Amino acid sequence: MTRDDFLGMVDLPLSNLPVERPGRSVPHKYYILRPRSARSKVRGHLQLYHAFLPREGEDQDADSNHLETEPGWEVVDMDNSTTQEETATPPLFVPMARTQTPSPLPPGWEERQDANGRTYYVNHIARTTQWDRPTGATPNEEETQLRSLESVQQEFQRRFHISVDETDAHSQHSFDSTPSTGTATPVQGSSPTSSRRQSSANEVIREPDPSNATLDSEGLPRGWTMQVAPNGRVFFIDHNTKNTSWIDPRTGRPSPLPNQNNLPNRRQQEDNLGPLPEGWEERVHTDGRIFFIDHNTRMTQWEDPRLSNPAIAGPAVPYSRDYKRKYEYLKSQLKKPSNVPSKFEIKVRRTSILEDSYRILSNVPRVDVLKTKLWIEFEGEAGLDYGGLSREWFFLLSREMFNPYYGLFEYSATDNYTLQINPFSGMCNEDHLRYFKFIGRVVGMAIYHGKLLDAFFIRPFYKMMLGKPISLKDMESVDSEYYNSLKWILENDPADLDLRFCVDEETFGLMHQRELKPGGAELPVTQENKLEYIELVIHGRFVLRIQPQMSAFMEGFNEIVPLTHIKIFDEHELELLIGGIGMIDVKDWKLNCVYKGDYHPNHIVIQWFWRVVLSFNNEMRARLLQFVTGTSRVPMNGFKELYGSNGPQSFTIEKWGTPNNYPRAHTCFNRLDLPPYESYQELREKLITAVDGADTSGFGGVD
């Protein structure tokens, strides 16, 4: 049961209901309780009796077979031969046997099971998942898949490099201004008046300071007094009618507005979100939380009204890491070669874009021609490429290259939208190393020509591109069980586990043992050498298994973009460089967030957190999302389809630690551990430090 006594909801069908008859017993039916939203946690069922009452003059036998008409069910009479007395026995409903086998999945679909054994279906075309089994491909479904691909392409077109983030007027997504239930209450009385209530967040008053010379009550009518609101403005109380008003009854004019720079709990100037809309007022509750009064509708709410209007929200706060400057430096180093044609023509068929592109790019006489202007032409289509066709070519080609159906890449263990190299790609494609070199060229071409690819990889992949060592915490977002095992070994004495310097690996259902070092099968893991064991396990898990594929990929990549040019970026920025930055919908992010511990949507620390997120520009929001979930990519259907190690896992904020701690993240569970900071500025500074320093030496922002 939830806090508002919500048990769950059920759907009651009104068709095929039985009719009550004398001598007939209508059985009860069981209905599974369903949640009203993704955050509702309900369980159990309802046992209900419902039937139609007979109409006057209706034939009592007219509905004798009514129970048997419910589709998919049949009525089985129970054996009453052993009973001594004939009684009306309720019929037993059993599902009718289905002898037909399920139809094959449509092209591009795959059946999988999550960690809880539930079967779900992956649509590789639209990159979505669903619980219901898809039916055979019909013209309507083919049209639906086509529309889905178009929507994916439109979403891809909205991704951008950070270099255009500052120049283009990208509107910021924001919160819904509708007051949440239980927090918005009317302010009674004439505008802007309100009823005087005790212990209410909607009307907080304080006794006037006797030393305040501005409170001159001389001349007030009988039954009137003056007091000062928390924002410093004087208001008047009519005890005769129990109303309050800003208007001075002596002059008929409203009291002057106070100095807005000295309000309690006022945000710093660096986070100024612009002025409040007309008719709005900001106040501070007794517990320090800020709330807002809309004198136009006489309502109050916790949400800042500026968050719902991009035009009022103002420009995003500049981010100090200046990824834009790094990107511009990279572009200045990627100079056009000499003695090459003015353009390089690529003519491909849409139906075989991967094979045609592979044949053309792999057989170029000089790699430098790939650095000149690209001129893309789709066979059978008339068009001039002034940038649009090139973007479309990179988009369509990247979707084919990284499609797990070709066996070159596979989805990571924790979700269905981040990729990793398939260590068994050679069994799927004999020329797999040539294809990886081709893919490296395409990725390098995308960076060189300032285009984006529709692909996101696990964090170790980007670290391997930069030549950085892979750490234990990188394992968490890829294989949580393996990560927890290695972390236990790191924190405890592994002598009792009787481990050796070898690992068991599965290849197409067959288990075999691989030594981590020569003679490892005979070398036990002890307290003294466990760090070496963990390093060898991580190196074998991410590097050794895919070393030939990664070497071929980097060979093709370095032909276009030298490795020294991209080492100015870290692995998070490299992801943004390849896949771009999508506009992150903060409203959708907030609506699909789960709170644990003592936190709730109206907690003052949570209010501060979302104000910090709103003050970030889109790059910093993407880096915060990377910090908590391991990737900056948002699923196609928004944050409600965010994945964790055990299937769908919402973005979670949990109360943890003390104000002396920095925030920490659990990428496996999409969880941010946020300490209860005592001020907005402290939360902002430590959150930025945690996101920036997640991979610096001596700082463990992610575990």
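## Salt bridges, cores and packing in a predicted model

Lys326, Asp570, Glu573 and Arg623 are linked in a network of salt bridges, a salt bridge being a side-chain nitrogen of Lys or Arg within 4 Å of a carboxyl oxygen of Asp or Glu. This is a predicted model, in which local features need pLDDT of at least 70 and side-chain atom pairs count only at pLDDT 80 or more, whereas totals for chains, interfaces and linings use all residues. Residues are numbered from 1 along each chain as its sequence is written, and side-chain values use heavy atoms, with hydrogens and water left out.

### Salt bridges

The structure holds 24 salt bridges, and the table lists some of them.

| Residue with nitrogen | Residue with oxygen | N to O distance |
|---|---|---|
| Arginine 359 | Aspartate 356 | 3.6 Å |
| Arginine 441 | Glutamate 559 | 2.6 Å |
| Arginine 671 | Aspartate 673 | 3.1 Å |

Arginine 359 and aspartate 356 both lie in helix α4 (residues 353-362), where they are 3 residues apart, about one turn of the helix; helices (H or I, at least four residues) and strands (E, at least two) are DSSP runs, numbered from the N terminus. Aspartate 356 is buried, with a relative accessible area of 4%, while arginine 359 counts as partly exposed at 46%; here buried means under 20% relative accessible area, exposed over 50%, and partly exposed in between, for a 1.4 Å probe and protein chains only.

The salt bridge between glutamate 559 and arginine 441 links distant parts of the chain, as glutamate 559 sits in the loop between α12 (547-558) and α13 (563-566) and arginine 441 in helix α7 (residues 432-448), 118 residues apart. Glutamate 559 is partly exposed at 23% relative accessibility, and arginine 441 is buried at 9%. In the pair of arginine 671 and aspartate 673, the aspartate is buried, with a relative accessible area of 2%.

### Nonpolar cores

In soluble globular proteins, nonpolar side chains tend to be buried together. A nonpolar core is a set of buried Ala, Val, Leu, Ile, Met, Phe, Trp, Tyr and Cys residues joined through side-chain atoms within 4.5 Å. The largest such core in this model has 120 residues, and those with the most contacts inside it are Trp393, Phe438, Trp610, Leu624 and Ile653. Helix α7 gives the most to this core, with 10 residues. Leaving aside its neighbours within four places in sequence, phenylalanine 438 is in contact (heavy atoms within 4.5 Å) with residues including Leu354, Tyr358, Leu361, Leu397 and Met401.

An open sheet is formed by 3 strands in the order β8-β9-β10, with antiparallel pairing; two strands pair if DSSP finds at least two bridges between them. Its edge strands, each of which pairs on one side only, are β8 (224-228) and β10 (243-245). Between β8 and β9 (residues 234-238) there are 5 bridges, and valine 228 stands opposite valine 234 in β9.

### Two crossing helices

The axes of helix α8 (residues 459-466) and helix α14 (residues 571-579) come within 9 Å and cross at roughly 95 degrees, axes being lines fitted to C-alpha atoms, for helices over the stretch in contact, with angles running from 0 to 180 degrees between N-to-C directions. That makes α8 roughly perpendicular to α14, because angles under 35 degrees count as roughly parallel, over 145 as roughly antiparallel, 65 to 115 as roughly perpendicular and the rest as oblique.
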